[in-house]
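This report goes through aromatic rings, a sheet and backbone angles. Please look at the sequence and the structure before reading on.

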Amino acid sequence: MSFNIALSGIRAASQDLAVTGNNIANASTTGFKESRAEFGDIFASSLGSTGSSAVGSGVRVQDISQQFDQGNVSFTDNLLDLAIDGSGFFVLNNNGEQSFTRAGAFGIDDDGFIVNNSNARLQGFSIDDNGNINNIAGDIEISSSNLQPETTSQVNLEVGLDSREAPPQLAFTIPAARIGDIDAANTTITVTNPQGVSTNLVLSTVAGADTAASISTILNNALGLDSQVNAAGDVELVLDEGFSLATNPTIAGAPALDISTTTAVGIGFDPLDSNTFNHTTATVIFDSLGNSHVLQQFFIRQPFDPSNSPPTVPNSWQVVVQIDGENVGAPTDPLDPVNTATLSVHDLFFTPNGALNEIASDDIDIVNWTPLDANGQPLGAVGPLPAGAPVGTESSNLNISLVDSSQTAGDFEVRASSQDGTTTGRLAGLSISDDGSIFARFTNGENRILAQVALADFANVQGLEPIGNTGFVETFESGVPLIGQPGSASLGLVESGALEESNVDLSEQLVNLIIAQRNFQANAQTVETADTVTQTIINI
């Protein structure tokens, strides 16, 4: 009996030495979890025996349990080194076999998959085209293909216009119905130049001449004036900055000249002359081939005269849009075979509180843009939407939103500017957030989420079976893996550029080594003593 008890102690001490030695050997193994030998006594009993007189039968190792407490986190220079701060395991796929680990030393293989040093693939959640997370875990692949260009379809701009600004020019209209009366009365208007010198202009023509065209010619011959006859037969007149209308006589019960509520299209505005607009701002946009273009918006304060007939509207502006210095307005003739672009002019109205009146203001839609190169030649990129094209046909049409813009007594400012187009982009780098989201950074400035690292937890982590290479597999005792996003439920967060060190405490293990050695020697001494007693009995 004594021999068997001592031998069981030697076996137990030997296993304890093995466990301690394994812990010491893996003191520098990333993600390693130390083990502990747990012992129980062996007690043999028979019918009629009593506990007070029974003798134990030795010791046995009941379990080798893993200790899953957190190891120290050390930081590295490798972005794909990952550490879990809290509970959970990385999920791996090794040729179809699922395993779990706390060791986060990962890299990218030649196929673009994130793998560990055993070539097992890290599992994560994929992202759909809308940026939504797919809750089915799979291999995480980092594609090195170029990011395809996207045509700009939406430009968002938030500006602050200065309500103290005066119109850069004054625009007037002589309605076609009033031109005959003005001509017959030899109507005279007086215009004052910036130096205060007044000039009288007689708006009359010779018999048989085109009245509207003749009056326009008279105005054009005056310094600082510019006019034209529009399609409706009205004479449109613009006064340059510093010029003013000194007299505007009444003809047939109405002023000879009406203050225009809009800048005369085609005259007055000049993108190269800053005196013809109040403010301008530019936004870089992209065509379907990824070529960049400059979309420029010119803001023009409109005049307000409540005495005019009809009265003009207060707090009104115009915005003129050009792309690469070219007009992008819809053609005046819908049957125009070359789709000739016109000046793209849109009205903006603000409330008395300075907020943009979105209902009254025009929608700023660009529907006639053909992308051109530096020489003014078509690039071959997608252009305007052809007439009769089915819904969903790709085009260069885009919308400009000025939501949240305002008009107050403050200097002009651009508070926000964005657009949804991109040029071609190459993968420039990666970043991983603490929720496991993997972001790709491209050379075109875009950032895209590629995937999200998956973590797993178990009802009983002590039930996991170690398989080597700091990996574990599920067993009946562990329960099924509960796979989710880092930071959800009981799962911890992910630290990028860091590794979890082994949780082995070398000082503690060296003490355990001494204890296991003494236990082994003591049990060996028991064998020796039992042998001496046996020899004595035999000698008797």
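Rings of Phe, Tyr and Trp (its six-membered ring) count as a pair if their centres lie within 6.5 Å; planes under 30 degrees apart are called stacked, over 60 edge-to-face, and the rest tilted. Ring pairs of this kind join Phe-68, Phe-89, Phe-100, Phe-458 and Phe-472 into a cluster. The model is predicted, so local features need pLDDT of at least 70 and side-chain atom pairs count only at pLDDT 80 or more, while totals for chains, interfaces and linings use all residues. Residues are numbered from 1 along each chain as its sequence is written, and side-chain values use heavy atoms, with hydrogens and water left out.

**Aromatic rings**

A pair of aromatic rings is described by the distance of the centres and the angle of the planes. The whole structure holds 10 aromatic pairs. Two of them are listed here, including one from the cluster.

| Pair | Type | Centre to centre | Angle between planes |
|---|---|---|---|
| Phe-89 and Phe-458 | edge-to-face | 6.0 Å | 70° |
| Phe-269 and Phe-298 | edge-to-face | 5.1 Å | 70° |

Phe-89 belongs to strand S5 (residues 89–94) and Phe-458 to the loop between strand S33 (455–457) and S34, so this pair ties together parts that are 369 residues apart in sequence. Strands are DSSP runs of E with at least two residues, and helices are runs of H or I with at least four; both are numbered from the N terminus. Phe-89 and Phe-458 are both buried. Buried means under 20% relative accessible area, exposed means over 50%, and partly exposed lies in between (1.4 Å probe, protein chains only).

Phe-269, in the loop between strand S20 (258–259) and strand S21 (279–286), is 29 residues from Phe-298 in strand S22 (residues 292–301). Phe-269 and Phe-298 are buried as well.

**A sheet of three strands**

Strands S14, S13 and S17 form an open, antiparallel sheet in the order S14-S13-S17. Two strands pair if DSSP finds at least two bridges between them. Strand S14 (198–203) and strand S17 (244–247) are the edge strands, each pairing on one side only. Strand S13 (residues 187–192) is joined to S14 by six bridges. Thr-192 has Ser-198 in S14 as its bridge partner.

**Backbone angles**

Most residues other than glycine have a negative phi. Which value does phi of Asn-119 have? Phi of Asn-119 is near 70°, a positive value, and Asn-119 lies in the loop between strand S8 (114–116) and strand S9 (121–127). Thr-470 also has a positive phi, about 55°, and is placed in the loop between strand S34 (465–468) and strand S35 (471–473).
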